[in-house]
Amino acid sequence: MTAPHPRLSINQATIKKTTAAEAIRVTTVAGIGAIGLWREQVQDAGLDETAKMIAGSGLRYSTHCRGGWFTAEEGPTRTAALDDNRVAIDETAALAAAGAAGSRAVLVLVVGGLPDGSRDLVGARERVRDAIARLAPHAQQQGVQLALEPLHPMYASDRSVLSTLDQALDIAADFAPEVVGVTVDTFHLWWDPNVLDAIARAGREGRIATYQVCDWKTPLEADNLLSRHYPGDGVIDFSGMTHAVEATGYTGDVEVELLNQAIWDTDPAEAVRRTAEGFERAVAPYLSAP
């Protein structure tokens with residue numbers, strides 16, 4: 001097998017059953033240059049210890065996953081969510097600082113769905129805007145970019161009231177681009193007939209914080225959250241979206257984030273190998289060198 005593409009990053013969701021140490025080791029052994037970790041595993045290992053492991057690995061840190069979940073109305077739940085996001089911002093800053101040159105202090109935000117019993121989608125989106133306004137000063141102080149991630153509309157009720165890139169950009173527009181950007185994820189956006197124009201807009205505004213790739217294949221899994229597939233195994237044409245992201249001048253790492261039980265049940269080293277293989281076939285031809 002050829003060496004992995006130099007811009008490939010492994011998001012730990014792809015190898016969810018690993019600890020932070022195992023994820024770092026498997027990624028490094030595979031010859032991949034970047035990683036994005038999830039908060040649960042970082043907290044299990046401890047932030048200081050994880051930062052030391054990142055520093056010793058020579059890996060770039062591509063994103064920190066994830067913050068958000070702040071659509072609740074005013075009260076203890078919303079206050080706790082905002083406080084937790086401030087902790088996530090601090091984690092992001094520490095881990096990116098520990099990473100190799102080219103690391104990015106990007107905190108991916110999945111904003112949350114409708115609160116229990118609510119049908120007020122507009123109000124929930126406004127509370128997202130308010131939450132970003134409250135978090136932005138701390139993010140700016142820490143040098144962290146908040147990356148709003150729109151999710152496929154099937155998740156609007158329970159995971160993200162932002163379903164399109166334009167919706168995310170409309171909220172981000174209130175803030176400096178180095179403070180609030182967006183996540184472009186092929187799984188969530190491939191269906192949108194306006195996505196190429198929205199990517200171009202994100203580029204003009206300097207807001208593409210990260211580009212994530214994985215594939216869509218039907219039928220979906222019984223749990224639709226776990227329906228992501230290796231690049232090239234489904235129906236997404238990666239050429240258009242990847243060319244569009246490249247045309248904006250984005251030169252950062254490209255993460256593969258796979259939530260899929262069968263992949264999680266695969267040996268992590270094999271899952272990483274298959275990820276790199278699919279990436280090389282389906283995505284790499286449309287990427288520039290770093």
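Residue numbers start from 1 along each chain as its sequence is written. Since the model is predicted, local features need pLDDT of at least 70 and side-chain atom pairs count only at pLDDT 80 or more, while totals for chains, interfaces and linings use all residues.

The barrel comes first. Eight strands close up in the order β1-β2-β3-β4-β5-β6-β7-β10, with parallel pairing; strands here are DSSP runs of E with at least two residues, helices are runs of H or I with at least four, and both are numbered from the N terminus. Two strands pair if DSSP finds at least two bridges between them. On average, neighbouring strands of this sheet are turned by 30° against each other, direction ignored. Strand β1 (residues 8-11) runs parallel to β2 (residues 34-38), and three bridges join them. Asn11, for one, has Gly36 in β2 as its bridge partner.

Helices lie across these strands. Helix α1 (residues 20-29) lies across β1 and β2, at about 165° to β2, and α9 (residues 238-247) lies across β6 (180-185) and β7 (208-213), at about 160° to β7. Axes are lines fitted to C-alpha atoms, for helices over the stretch in contact (heavy atoms within 4.5 Å), with angles from 0 to 180 degrees between N-to-C directions.

As for the largest pocket, its volume is about 360 Å³, taken as the space filled by probe spheres set on grid points joined across faces, edges and corners. A pocket is an open set of points on a 1 Å grid over the protein atoms alone, where a 1.4 Å probe fits, with protein on both sides within 12 Å along at least five of seven lines; lining residues have an atom within 4 Å of a point. Of the 22 lining residues, Trp38, Arg66, Leu225, Glu257 and Leu259 are the closest to the centre.

Key. Heavy atoms only, no water.
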